[in-house]
Amino acid sequence: MILYPAIDILDGRAVRLEQGRFEEPTVYAEDPMVAAHGWVSQGAQALHVVDLDGARAGEPVNVHHVRAIIDTVDVPVQVGGGLRSTDDVAEVLEAGATRVVVGTAAHSDAEFLDDVLTAHGESVAVAVDVRDGLVSAAGWTESTEQAPDAVLRRLAAEGVRTVIYTDVDRDGMLTGPDVDTLTGLLEHWPGRLLYSGGIGSLAHLEALAPLPLDGVIVGKALYEERFTIVEAQEALAR
């Protein structure tokens with residue numbers, strides 16, 4: 001199970017949101033590349049980068065920041081945020097991203113999803129962002145009115161093999177994951193799943209360690225030094 005430090009880019013800075021609220025960002029680095037280099041120097045094996053401006057705008061905004069990070073670190077970088085066209089997906093992959101994360105368009109445009117899966121296969125993951133028990137889209141601002149288990153079944157049928165599951169209600173709150181709900185979803189998901197949302201302690205990571213997850217995305221807890229990257233990786237390995 002891989003630990004992915006999160007780098008969320010808003011207005012050109014590395015920030016964290018609480019429960020997906022854009023109105024109250026906490027700024028942790030004026031330059032996202034500084035955050036990226038910091039995590040890698042501490043032992044991060046991969047990075048999770050989100051263009052929050054892009055997610056809100058519906059198209060990539062911070063590609064230059066993303067490219068600067070990819071060009072100057074030597075670990076895999078997965079990138080999401082505003083990727084709603086085949087050209088946008090191709091641009092980010094050509095910039096060197098190991099994986100792209102598509103969300104809104106994947107849930108609303110079956111042709112788009114089929115096209116990017118056909119073109120890029122294992123390099124594509126789909127974001128399943130859950131708020132109030134339903135999958136949300138458009139930078140967490142709109143509900144799809146669909147339950148996550150139904151969405152996962154549909155995505156599996158459409159050939160998706162990797163999902164980034166975010167519990168938006170817990171995101172940035174440091175209150176821990178809903179392990180029972182996550183366990184239930186994993187029983188019916190045949191592919192890879194990375195979890196994000198609410199990690200605030202090593203105990204939270206240890207609670208996730210027995211689950212068949214491929215990765216855990218952590219942001220605020222790392223920025224606020226609740227634990228180190230090495231400690232987190234050790235907790236996931238226990």
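## Contact between α4 and α6

In this predicted model, Thr86, Val89, Ala90 and Leu93 of helix α4 meet Phe112, Asp115, Val116 and His120 of helix α6. By class, the residues of this α4–α6 contact are five nonpolar, two polar and one charged. Asp is counted as charged, and Asp115 lies on the α6 side of the contact.

## Geometry of α4 and α6

Two packed helices are described by the angle between their axes and the distance between the axes. Helix α4 covers residues 86–94 and helix α6 covers residues 110–120. Their axes come within 10 Å and cross at roughly 30 degrees. Because angles under 35 degrees count as roughly parallel, α4 is roughly parallel to α6. The crossing of α4 past α6 is right-handed.

## Contact between α1 and α3

On the α1 side the contact involves Pro32, Met33, Ala36 and His37. These residues meet His65, Ala68, Ile69 and Thr72 in α3. The contact of α1 with α3 has five nonpolar and three polar residues, and no charged ones.

## Geometry of α1 and α3

Helix α1 passes α3 in a right-handed crossing.

Note on methods:
Residues numbered from 1 in each chain as written. Predicted model: local features only at pLDDT ≥ 70, side-chain atom pairs only at ≥ 80, totals over all residues. Heavy atoms only, no water. Left-handed = near helix turned anticlockwise from the far one by under 90°. Helix = DSSP H or I, 4+ residues; strand = E, 2+ residues; numbered from the N terminus. Contact = heavy atoms within 4.5 Å. Axes fitted to C-alpha atoms, helices over the stretch in contact; angles between N-to-C directions. Parallel < 35°, antiparallel > 145°, perpendicular 65-115°, else oblique.
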